[in-house]
Amino acid sequence: MKLFIIGFLSGIIGGMGIGGGTILIPGLTIFANIEQHMAQSVNLLSFVPTATIALLYHLKQKNVVLNIILNIILSGLIGSLIGSYISIYINSYMLKRLFAVFLFIMGIYEIISKQKIGEKQNEKAQNKKKQ
Amino acid sequence: MKRHTKLMIIGFMTGLLNGLFGAGGGTIIVPFMVFLLGIEDHKAHATAISIILPLTIFSSIIYIKSGIFNLPITLNVTLGSVIGGLLGASILNKVPIKYLRKIFGIIMIAASIRILFSK
């Protein structure tokens with residue numbers, strides 16, 4: 001039940017386009033005592049169903065810029081291969097600390113971020129109401 | 001720098017960090033696409049998913065093959081996060097995202113400090 005609740009809360013935040021997995025992982029290690037590698041594995045896998053549904057929706061809406069993704073995905077797969085193996089080969093203690101530094105930077109980014117995705121949609125929703 | 005090279009570097013860095021930390025690929029790639037490639041915000045978010053999904057599936061396979069996998073934990077968390085994700089997306093227009101983003105930024109920083117000073 002605890003795991004479900006942690007997933008649920010981080011899902012709400014992720015659904016709003018904030019942090020997503022970067023919140024779920026510390027949630028799992030701090031509140032459910034799950035080991036760092038395992039928390040990362042859970043986060044990767046839990047992303048797949050939601051992202052698949054979201055992607056199908058966005059493909060239908062033609063929101064995906066298809067002409068750039070092939071290059072990014074190909075080099076991304078090489079990066080993923082290297083990143084995943086580095087992660088597997090370093091110990092939990094070290095990985096957890098590296099992750100904390102990453103989380104710290106992500107936190108700063110969320111604070112200074114100028115992304116207006118939610119706000120734009122807010123405006124649209126309000127304009128619709130006015131009309 | 002040529003656009004082609006830019007794309008390759010962005011992809012590589014995103015994949016590397018997403019595989020290493022099992023998270024964050026989307027957060028990294030969206031600003032790159034918005035500021036470096038000039039793609040609109042909502043399109044950048046949608047495009048980010050189309051990139052992160054295959055990378056995440058690939059990393060997941062490597063994690064699972066290395067034995068880092070627990071089905072009951074994964075199922076419990078996934079069930080929660082799918083339901084939570086739908087709820088989050090549906091209330092997106094009704095909450096002050098700008099402030100929430102800052103609040104969660106602070107929570108992330110607090111969590112990172114807690115982890116750094118834990119055993």
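Author: Let's start with a term: a salt bridge is a side-chain nitrogen of Lys or Arg within 4 Å of a carboxyl oxygen of Asp or Glu. One caution: this is a predicted model, where local features need pLDDT of at least 70 and side-chain atom pairs count only at pLDDT 80 or more, while totals for chains, interfaces and linings use all residues. Side-chain values use heavy atoms, without hydrogens and water, residues are numbered from 1 along each chain as its sequence is written, and chains are lettered from A in the order in which they are written.

Reader: How many salt bridges does the rule find across the interface of chain A and chain B?

Author: The rule finds 1 there. The side chains of A:E110 and B:R101 meet in a salt bridge, at 2.9 Å from N to O.

Reader: And how do I read the size of an interface?

Author: Buried area here uses a 1.4 Å probe and is summed over both parts. Chain A and chain B bury about 8,200 Å² between them, with 76% of it on carbon and sulfur atoms. A:M16, A:L44 and A:I72 supply 8% of the area that chain A buries against chain B, more than any other three residues.

Reader: How many residues of chain A are in contact with chain B?

Author: Contact means heavy atoms within 4.5 Å. By that rule, 89 residues of chain A are in contact with 86 residues of chain B.

Methods:
Buried area = accessible area lost by both parts, 1.4 Å probe.
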